[in-house]
Amino acid sequence: MDLSTILQVLDSTVRLATPLLLACLAGLFSERAGIFDIGLEGKMLAAAFLSAAVAYTSGSAWVGLGAGIFASLLLSGIHGLASITFRGNQLISGVAINFLAAGLTVVVAQSWFGQGGRTPQLAGSARFEPITLPFADALREVPVLGPIYYELISGHTALVYIALLFVPLTWWVLYRTRFGLRLRAVGENPAAVDTAGISVVWLRYMAVLICGVLCGIAGAYLATALQASFVKDMSAGRGYIALAALIFAKWRPWYALYACLLFGFLQAFALRPDVIQTVFGFKVNAQLLDVLPYILTVIILAGFVGKAVPPRAGGQPYVKER
Amino acid sequence: MDAMPKWADVVLIPLISLILAATLSALVILAIGESPVEALNLMVKGALGSTYGWGYTLYYATNFIFTGLAVSIAFHARMFNIGGEGQAMVGGLGVALICLYIPWPHWSLALLGGTIAAALFGAAWAAIPAFLQAKRGSHIVITTIMFNFIAAAMLNYLLIGALKPKGSMEPATGKFPEATHLPSFQDMFSFGETALFRGAPANVSFFVAILACIAVWALIWKTKLGYEIRAFGHSDTAAKYAGISPTKIIMISMMISGGLAGMMAINNVQGEAERLVLNAVEGAGFIGIAVALMGRSHPFGVFLAALLFGFLYQGGAELALWTKIPREMIVVIQALVILFTGALDDMVRVPLERVFLALRRRKGGAA
């Protein structure tokens, strides 16, 4: 196994971890504010569809991105309405959103493009192109560091770098701003926040909308950067893996990055049976690698490796005392 | 005193939710340039207009009765079992093993064996998340979701490996022996020349599903265990104070739930496919959620809701055949039903309660 193979696997790790990371941070905002969200999957899917459709129609990936965020925000609005305003069951609302997206994307795609529930292939500026960072070409010949810079760090789409920037940004917002403090407080003890004269409803809606924006970027990344069109069910369980990563990360931003990179690595690894064979000397079942995130999450949840404690008020609608 | 009479809670609210879901679905159909009235006509004709259509409608309904009951039982203990899909998959594995490796003399014994195997396998698959919830406090919703994926991968692994017959390319088990064939409605209800339900997959497990409805009703409202499950669901602290063990209730209710979801396999695996294929459950586990919500977690309600979804499923297949409306339209309708009956319940309930209160006040004022 040589450096270039390792770099290839790590490179696809970054690319596959990006949607997980965005969705995971989305879930982090929402759950930290006390709104469980198992609808990450659906929001990503809706965003993937609308971004691809609009990017194709308009010819611009950035317009597509905006449309994707819009689609995701709409579903976030439904989730907020159900779980904040009408104090419904947040889990059931999330399930409904996942199905709504799974169904509507295909129905609308079929009637819009008539290609069996997919969008046409995106090309040129309708797709996010890889960015070559400064000096990448010049430094390429430098041994070891050159290829690492050229292959691994440079050459991703803009959305990958945006996703990575969101990690420190999320950390800063949550732990260094007044808004973040209140957001975390509302997920632990909404009554206390309410007593301090801050609107629980407003804070939770903000959290749900931020979640929508991030899921929107994640979905747009899937359809306009990672791949070049929308296909049915293309989120392929990533929303649930992101949820798993969130638990794995114990609802903290930097840990979320590590968890998503780990799960992205497992996905990248599963795509390369040849590498697996050379590393382990025998065939490792691809299914095993695919389910490893889920198994790891169950083990973490079971509390065998550290304890994952969710935000205390998570999942409960807030009822103001009358 | 309740704000609303009981009939309004049981009948009116689900009905209004259903009408809302139907209206939105009609708007979606309208938006993609098809006629909702024509679509409904096609669906009614396709699903209910012939014994063939009924045969499919009842076949799907059988699946949904099992998964709906599964979700309902868990709801009574205030647990959200979202893992019906995985439990039904693993139930299918149980049915496949027992049909392939035990030489059954008669279908009735095979049905009994299949039912027991499916229930045991499904219950076992639900037992792990239940145990983790009861003993380690892991959230049952997350663990059951994870177990859906783990079940799918496990089945995938077995169907391309150990269970695939030699020389076959398809990820599926071999065909079950003839003796395990369950009588279909065509076998049962055709007399002489007139063949009813010709070619439709509805089979004797429909009656097992009805028995399961009755059994669940008796369990929940007529036994001590059912009382304990309901008590735990209403208030776990009060139940604990009354000497009811939370661990016991969580384990038992979830295992019954998983067993019921698993039992779906006698219909789709033993009754219809007669072999185990990849993705045999086709989302029926998730439809159980919609069915349980719509049916207000009551076995009779579940039965009616399952019939409704059976109709939607078969009708939707017909739509996809004759119009440009894809099959996924059903998923949209399913989502809207879950949304309105499950998550947006208060949106319907609160205004309705106001109406009833106002009516009562007026009556009180007049007297």
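## Exercises on a two-chain predicted model

Among contacts in chain A between residues at least 6 apart in sequence, 77% join residues at least 24 apart; two residues are in contact if their C-beta atoms, placed from the backbone, lie within 7 Å. The model is predicted: local features need pLDDT of at least 70 and side-chain atom pairs pLDDT 80 or more, while totals for chains, interfaces and linings use all residues. Residues are numbered from 1 along each chain as its sequence is written, with chains lettered from A and ligands numbered from 1 in the order in which they are written.

**Exercise 1.** Find how many residues of chain A touch chain B, and which helix of chain A gives the most.

*Solution.* Start with the count: 37 residues of chain A are in contact with 36 residues of chain B. Next, look for the helices (DSSP runs of H or I, at least four residues, numbered from the N terminus). H4 (90-113), H11 (238-248) and H14 (286-301) of chain A each supply at least two residues of the side that touches chain B. H4(A) gives the most, with 15 residues. Finally, sort that side of chain A by type: 23 residues are nonpolar, 12 polar and 2 charged. Here Ala, Val, Leu, Ile, Met, Phe, Trp, Tyr, Cys and Pro count as nonpolar, Asp, Glu, Lys and Arg as charged, and the others, Gly among them, as polar.

**Exercise 2.** Describe how H4(B) and H12(B) pack.

*Solution.* Two packed helices are described by the angle between their axes and the distance between the axes. For H4 (residues 84-101) and H12 (residues 265-273) of chain B, the angle is about 40° and the axes are 9 Å apart. Axes are lines fitted to C-alpha atoms over the stretch in contact, and angles run from 0 to 180 degrees between N-to-C directions. H4(B) and H12(B) are therefore oblique to each other, since angles under 35 degrees count as roughly parallel, over 145 as roughly antiparallel, 65 to 115 as roughly perpendicular and the rest as oblique. Now list the partners: those from H4(B) include Gly91(B) and Val95(B), and those from H12(B) include Ile266(B) and Val269(B). By type, the contact has 7 nonpolar, 4 polar and no charged residues.
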